[in-house]
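Trainee: I would like a close look at the aromatic rings of this protein. Please take me through what surrounds them and what they pair with.

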Amino acid sequence: MKTTILFLALGFAAAAAQAKTLQQIVQEFYPKYSQKYQCYRVNIKDSGEYCVRQIKSETRQTAQGRLMYLLFAGNVFDFKNGNESGAHVQNGMAGIFVLKEADGGWKLLASQPHSWAGSFGIAPEAKDWSFHEFGKDRWGFMTKYSDVHHGYSGAAYRLFVHNGAGKITDSTLFAEADNEGALGDCSENRYEDRENTAEERRECQKARYSLSSTIEVLENGKPNAGFYPIRLTVSGFDGFKTYNGDAFVSSYNAASGRYSMPKGYPLKDKEF
């Protein structure tokens, strides 16, 4: 009888030791906290130091039990001078955690604490993130960020999805692209101080594009590796070809562990 009681006591003690508070779990990944600026100080190699805060929290009842999804985001920050200090080449930071309620506390199921979203060292704000079910009990966050280089502007969707087990997948799908800031209306030569010839104007117009898209998770679509397909609807023009709500479907690629840009998708090669 004493042996049974001892084993039960040890079992309860071990379970209690495994369960933690949300703060305890987060601090394992973000151990430094600035009371002055009310954010975690997170240093990422080759990117700089970020001021990171929790910006969203979602809870869902799943087949595994009650799960909590935490989203953290941060901007490059100069803690000495107290100002944001991001450069064009730097991304904003994103951190995602999936926790399971257990034993009066929480256990970590999956995390991606040092990922990225955004440009100029700035992450998208809380209002720019949304929460979706990308498959049965496979929930995640999505956002869109934009950037511009030498008149070539664009935007991309960033998706962070829990695979239902111990991994968070991240995907990038191009959302917008425009090079009219670089090419103009094709009337003037970009390299010489003169007007374009008719042939040069036609070649320039052939290279111009202005494309935008919307995105939708197809919850009634056929899943691939447990993930629903995603529909990207495109409008605009690419050279002399126009798009007016043309739909392209992205499927989850189990080999790469992320969503792939669809075949024939006009934004696929429009890097920015």
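Mentor: **Rings and their partners**

R158 lies over the face of W116, 3.8 Å from the ring centre. A charge counts as sitting over a ring if NZ of Lys or CZ of Arg is within 6 Å of the ring centre and within 35 degrees of the ring normal. K270 is likewise placed over the face of Y209, at 5.1 Å from the ring centre.

Before going on, note that this is a predicted model, in which local features need pLDDT of at least 70 and side-chain atom pairs count only at pLDDT 80 or more, while totals for chains, interfaces and linings use all residues. Residues are numbered from 1 along each chain as its sequence is written, and side-chain values use heavy atoms, with hydrogens and water left out.

Now the ring pairs. A search of the whole structure gives 23 aromatic pairs. Rings of Phe, Tyr and Trp (its six-membered ring) pair if their centres lie within 6.5 Å; planes under 30 degrees apart count as stacked, over 60 as edge-to-face and the rest as tilted. The rings of Y30 and Y40 have centres 5.7 Å apart and planes at 50 degrees, so this pair is tilted. Y30 is in the loop between helix 2 (22–29) and strand 1 (33–34), and Y40 is in strand 2 (residues 39–44), 10 residues apart. Helices (H or I, at least four residues) and strands (E, at least two) are DSSP runs, numbered from the N terminus. Y30 and Y40 are both buried, where buried means under 20% relative accessible area, exposed over 50%, and partly exposed in between (1.4 Å probe, protein chains only).

For F174 and F272, the ring centres are 5.9 Å apart and the planes stand at 65 degrees, so the pair is edge-to-face. F174 belongs to strand 11 (residues 168–178) and F272 to the segment after strand 16 (258–259), so the pair ties together parts 98 residues apart in sequence. F174 is buried, at 12% relative accessible area, whereas F272 has 21% relative accessibility and counts as partly exposed.

Y30 and Y40 also belong to a cluster: ring pairs link them with F29, Y33, F72 and F97.

Strand 12 (residues 209–217) and strand 13 (residues 230–238) pair in the antiparallel sense over 9 bridges; two strands pair if DSSP finds at least two bridges between them. Within this part, F237 of strand 13 is the bridge partner of S210.
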